[in-house]
Amino acid sequence: MKKTFPEGFLWGGAIAANQAEGAWNVDGKGPSTADVTPFKDPKDLEQLKDIHGLSDVTDEMIEKALGSDDENAYPRRHGIDFYHRYKEDIALFAEMGFKVFRFSIAWSRIFPKGNEEKPNEAGLAFYNDVIDECLKYQIEPLITLSHYEPPLYLCTEYNGWSDRRVIDWFVRYVKSVVEAYKGKVKYYLTFNEVDSILRHPFMTGGLIESRFSPDEFEEVEYQAMHYQFVASAKAVGVIHTCDPAAKVGCMLTKVTYYPYSCKPEDVLLAQQRMRAVYAFSDVQVRGEYPAFLTSMYRNKGFHLDMTDDDLAILKSNPVDFVSFSYYQSTCIAADESGLDTTAGNTIIGVKNPHIPTSDWGWQIDPIGLRVSMVDLYDRYGKPLFIVENGLGAVDKIEEDGTIQDDYRIDYLKAHMKEMYKGIVEDGVELMGYTSWGPIDLLSNSSNQMSKRYGYIYVDLDDYGNGSYERRKKKSFDWYKEVIATNGASLFEE
Ligand code: BG6
């Protein structure tokens, strides 16, 4: 009997507005945090491990950025020009047989400052066209409402998500979106990697760290995160009310932490790290803060603005499904001395000696994906959706014009096979799989173009040179076959 994925399995790919669209100041769009984040040209792995160095932005940097029209210094401003080329790109996705296409809406395209009374109709019209283009090919749109990039105005004027008023402005934005696309969009995600506010306070939370004292900043981050949780829950409520057929998911950075050894100290630390990962989905799925987080707040002496009303809103608006990104696992050791560390997903961990590592220091572990699926499904019993997975690699155009990205095929194939086992052997309910960057786009952690994930190559380098021409890689036909056979081709040698 052929091994196939469940009928109706949603195969596809995922992108984010700020890494793909470009057109940063077109048709009324306001600037977002992404548009003022400079390219720092990381030269080696050590620099890639400098998470803060790559993403910290100060008031002076914002001022400088706003005075500059150099799109290559701020590459999110040009992206891969998806804004103007979406028809060509979606046609290529359709040729691969995509059943679903995940993309995000840039809040600042709909509300340029973030808090206007009325939405920018040109922004709504653009995404309406993107949605219609998907539907033309029977591709389901899966919309991320916030994939990093809050409107810059909210950051400079209100200190971003640390201000409670941002909740209502976000909800107003969500309402405009859902009312506009009602009946056309079945799947929404609220905040991409909601936990990332702790790693990228500016990009995700609009928090300009230098405005705060180092002693208070951690509390500010958790406060902002709480407001995002409330906003997310309110968004779930708004979507369910406006469009009862639509389903809403949370989105979690699913790093799998392994204890480096069986030393009880390592095991305990790995458990604590995993608990910290799940805290974010716990709030959105169970509608409650996990006990350890509330004890942590108490022990640190935090006094968060968290009302009974907020807690009731969280409780009454759980998400319908659990989506997550998975790129890698990493090890945790209580004593790291003498051990190699490595980069990845903007998280630094101890290198696992048993698995390979990508050129960007991310550890390649397909089994870790199955571990993640089982853990999440056992914990919540809700359908899962893998909304990001993939290999960032350097691609080379051969003399005959082809791109032989067998390394990418190997990575994806191994992960998909584990996914299959998770479904068939472990009984996990998996709605679909959208690999990250089906078309090459800017790297989130490093703003590089040279870190490519796509089945489709984009002619553009790290310094803005290139024609933006699209070209199919070897993996294009490979993925097309996977989708056409609903996974059966993965098992044919
Ligand atoms: C995820 C993000 O963390 O990882 C994406 O949601 C990002 O936005 C992806 O692009 C891959 O990371 P990177 O840094 O290789 O682009």
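Helix contacts and a ligand site

Student: Which residues of H11 and H13 meet?
Tutor: This is a predicted model. In it, Glu218, Tyr222 and Met225 of H11 meet Leu293, Met296, Tyr297 and Lys300 of H13.

Student: How do the residues of that contact divide by class?
Tutor: Five are nonpolar, none is polar and two are charged.

Student: What about the geometry? At roughly what angle do the H11 and H13 axes cross?
Tutor: Roughly 145°, with the axes coming within 12 Å. H11 covers residues 214-242 and H13 covers residues 291-300.

Student: Is the crossing of H11 and H13 left-handed or right-handed?
Tutor: H11 passes H13 in a left-handed crossing.

Student: Now H12 and H15. Is that crossing left-handed or right-handed?
Tutor: Right-handed. The axes of H12 (residues 264-286) and H15 (residues 366-380) cross at roughly 35° and come within 11 Å.

Student: Which residues meet there, between H12 and H15?
Tutor: From H12, Tyr278, Ser281, Asp282, Val285 and Arg286; from H15, Asp375, Leu376, Arg379 and Tyr380. By class, the contact of H12 with H15 has four nonpolar, one polar and four charged residues.

Student: Switching to the ligand. Which residues come nearest?
Tutor: Glu193, Asn444, Ser445, Lys451 and Tyr453, out of 15 residues around the ligand.

Student: And what classes make up the shell around the ligand?
Tutor: The shell has five nonpolar, seven polar and three charged residues.

Student: Back to Tyr453. How far is an N or O atom of its side chain from an oxygen atom of the ligand?
Tutor: The distance is 2.5 Å.

Student: How far from a ligand oxygen is a polar side-chain atom of His147? And of Glu388?
Tutor: For His147, 2.8 Å. For Glu388, also 2.8 Å from an oxygen atom of the ligand.

Student: What percentage of the ligand's area does the protein bury?
Tutor: The protein buries 97% of the 370 Å² that the ligand exposes when taken alone.

Note on methods. Residues numbered from 1 in each chain as written. Predicted model: local features only at pLDDT ≥ 70, side-chain atom pairs only at ≥ 80, totals over all residues. Heavy atoms only, no water. Axes fitted to C-alpha atoms, helices over the stretch in contact; angles between N-to-C directions. Helix = DSSP H or I, 4+ residues; strand = E, 2+ residues; numbered from the N terminus. Left-handed = near helix turned anticlockwise from the far one by under 90°. Contact = heavy atoms within 4.5 Å. Nonpolar A, V, L, I, M, F, W, Y, C, P; charged D, E, K, R; others polar. Near = heavy atom within 4 Å. Polar contact = N/O pair within 3.5 Å; in protein donor to acceptor, adjacent residues only side chain to side chain. Areas by Shrake-Rupley, 256 points an atom, 1.4 Å probe, with all protein chains shown as cover.
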